[in-house]
Amino acid sequence: MSDIPVRKSPRVSGAPFDEGTFRIETDSLGEVKVPITRLWGAQTQRSLEHFSIGNDLMPIEVYRAYGYVKKAAAIVNQSLGCLPIAKALLITQIADEIIAGRLDEEFPLYVWQTGSGTQSNMNVNEVISNRASQITNEMLGSKTPLHPNDDVNMSQSSNDTFPTAMHIAAVFEIEGYLLPRVEALVSVIEARSTEWQSIIKIGRTHLQDAVPLSVGQEWSGYAAQMWDAIAVLKSSLGGLYRLAAGGTAVGTGLNAPAGFGEAIAQEIASLTGFPFVTAPNKFAAQASSDAVVAAHAGLRGLAVCLMKIANDMRWLASGPRCGLGELILPENEPGSSIMPGKVNPTQCEAIVMVAIQVIGNDTAVAFAGSQGNFELNTMRPLIINNFLHSARILADGCEKFRVHSVEGTQVNLTRVNEHLNNSLMLVTALSPVIGYDKASQIAHRAMSEGVTLRQAAISSGLIEEATFDQVLDPRKMIGAE
């Protein structure tokens, strides 16, 4: 193996890999120099040398999910009489360290690696093997008392464990991190809707004045959009609960004992508290990434809703004097380095950028999901990296948007009433009384003469003053009882 200087992984502290003291580890291709202070082995080191592409590391959530996979596999292998209890206990002990994040720096690999995730799987296997050697005072790289393949990877393949870890990581991210933050945001939107039900404003369609509605009604639409998107995302979890583990290399379960797939899924469900089950068809589970593609489409749906809401808010807050100015957003920071006193709708802009990124990620995920050639999809690192990136920025974005924008947003009643009273589209209420054509004449007259709708209507002689005042009451026009 040539001594190629290796660029330092952004996750790992300390000296770059081409400095310091090394030990020799071996794999099926021969000897490899590995930094003596690290727990990974030869295959991990080869990956670092061959795939240090960009700064995109395999998400740490994948490795922590792998901790559950390795722990569950050891428990099941021991229960089936395939693995000695001492080895199983050692694997579960180290897997717990991985789950807890205590070994995060031992997982330095980049996203852009083998498309099956084999190198990340072997990274976990090697770390568990060397950590076991460390615990039992054996030499690192000795593969004693745990062999990375024979023991840690028993009854498994990268082809079934990596998609399994993907699903576990995705479920944790959605259920444990994203949904609580999205639902907290929607709850505040609903509270705003209730608070503002009695404030009548002018509606807008095609960016032009339309008939009235209440501010609360407008915001109820935002909440309903979000709840619908949340429901779609939750419905996609069913696919993520189905695990490929037990299919081994191509879905046949070669080298795994009978019942291993069902048993490991049940054990993972017990360990995580989520209702994981074995995938009914391992060939589909390994040849495709359809469940993750579908779940990411749910993330895209949230992004679409959030973009609409954030854009509405920043347009409605435009001004403060020369725009619409109907909303007053919190002032979080100065908005300009040259224009004193300027404040911008920065939280809305951040959410729009998050949404754009998620929609872009979704395109990549869908494209990668379509690349399931024969018995394996080999675009999985890209898929799970984009998925977890989307879920995390949506979650963080929703939290910041809620705290720093939605919770502090106020209605500018003066501007809302000004726009409502100046609108010509209130004339719509006259159509059932005097007909569409006459109502249209009044609207055009008011516009061309620069007078109010009331002035134009009375002067036209098409309607009596008392009738006009009775019919054109905005509160009667919003459909609320």
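A crossing is left-handed if the near helix is turned anticlockwise from the far one by less than a right angle, and right-handed if clockwise. Keep that in mind for the helix pairs below. Note too that this is a predicted model.

**Stop 1: the whole chain**

Show the protein chain as a cartoon. The chain has 18 helices and ten strands. Its radius of gyration is 30 Å, well over the 23 Å that the globule rule gives for 481 residues, so the chain is more spread out than a compact globule. Turn the view and follow the C-alpha trace: along its principal axes it spans about 100 × 55 × 35 Å. Of the 481 residues, 51% count as buried. Now think about contacts with a separation of 6 or more: 72% of them join residues 24 or more positions apart.

**Stop 2: H1 and H4**

Select residues 42-50 for helix H1 and residues 118-135 for helix H4. Their axes come within 8 Å and cross at roughly 140°. That angle makes H1 oblique to H4. Is the crossing left-handed or right-handed? The crossing of H1 and H4 is left-handed.

Next, show side chains. From H1, pick Ala42, Gln43, Thr44 and Ser47; from H4, pick Gln119, Met122, Asn123 and Glu126. These residues make the contact. By class, two are nonpolar, five polar and one charged.

**Stop 3**

Move to the loop between H4 and helix H5 (148-152), where you will find Asn137. Phi of Asn137 is near 60°, a positive value in a residue other than glycine. Most residues other than glycine have a negative phi, and most peptide bonds are trans. Asn137 counts as exposed, at 72% relative accessibility.

Pro145 lies in the loop between H4 and H5 as well. Select Thr144 with Pro145: the peptide bond between them is cis, with omega near 10°.

**Stop 3**

Select residues 158-195, which form helix H6. H6 and H13 pack at an angle of about 15°, with their axes 9 Å apart. H6 is therefore roughly parallel to H13. Their crossing is left-handed. The contact residues divide into 22 nonpolar, one polar and seven charged.

Zoom in on Glu399, which sits in H13. At 27% relative accessibility, Glu399 counts as partly exposed. Now find Pro180. Glu399 and Pro180 are 219 residues apart in sequence, but 9.4 Å apart in space, C-alpha to C-alpha.

H12 passes H13 in a left-handed crossing. The residues of this contact divide into 13 nonpolar, nine polar and one charged. Among them, Ile351 and Val358 come from H12, and Ile393 and Phe401 from H13.

**Stop 5**

Go to Leu207, in the loop between strand S3 (200-205) and strand S4 (208-214). Phi of Leu207 is near 65°, a positive value in a residue other than glycine. Is Leu207 buried or exposed? Leu207 counts as exposed, at 80% relative accessibility.

Finish at Pro320, in the loop between helix H11 (290-316) and strand S7 (327-328). The peptide bond from Gly319 to Pro320 is cis, with omega near 10°.

Note on methods: Residues are numbered from 1 along each chain as its sequence is written. This is a predicted model: local features need pLDDT of at least 70, side-chain atom pairs count only at pLDDT 80 or more; totals for chains, interfaces and linings use all residues. Side-chain values use heavy atoms; hydrogens and water are left out. Helices (H or I, at least four residues) and strands (E, at least two) are DSSP runs, numbered from the N terminus. Contact means heavy atoms within 4.5 Å. Ala, Val, Leu, Ile, Met, Phe, Trp, Tyr, Cys and Pro count as nonpolar, Asp, Glu, Lys and Arg as charged, and the others, Gly among them, as polar. The radius of gyration is taken over C-alpha atoms; the globule rule is 2.2 Å times the number of residues to the power 0.38. Buried means under 20% relative accessible area, exposed over 50%, partly exposed in between (1.4 Å probe, protein chains only). Axes are lines fitted to C-alpha atoms, for helices over the stretch in contact, and angles run from 0 to 180 degrees between N-to-C directions. Angles under 35 degrees count as roughly parallel, over 145 as roughly antiparallel, 65 to 115 as roughly perpendicular and the rest as oblique.
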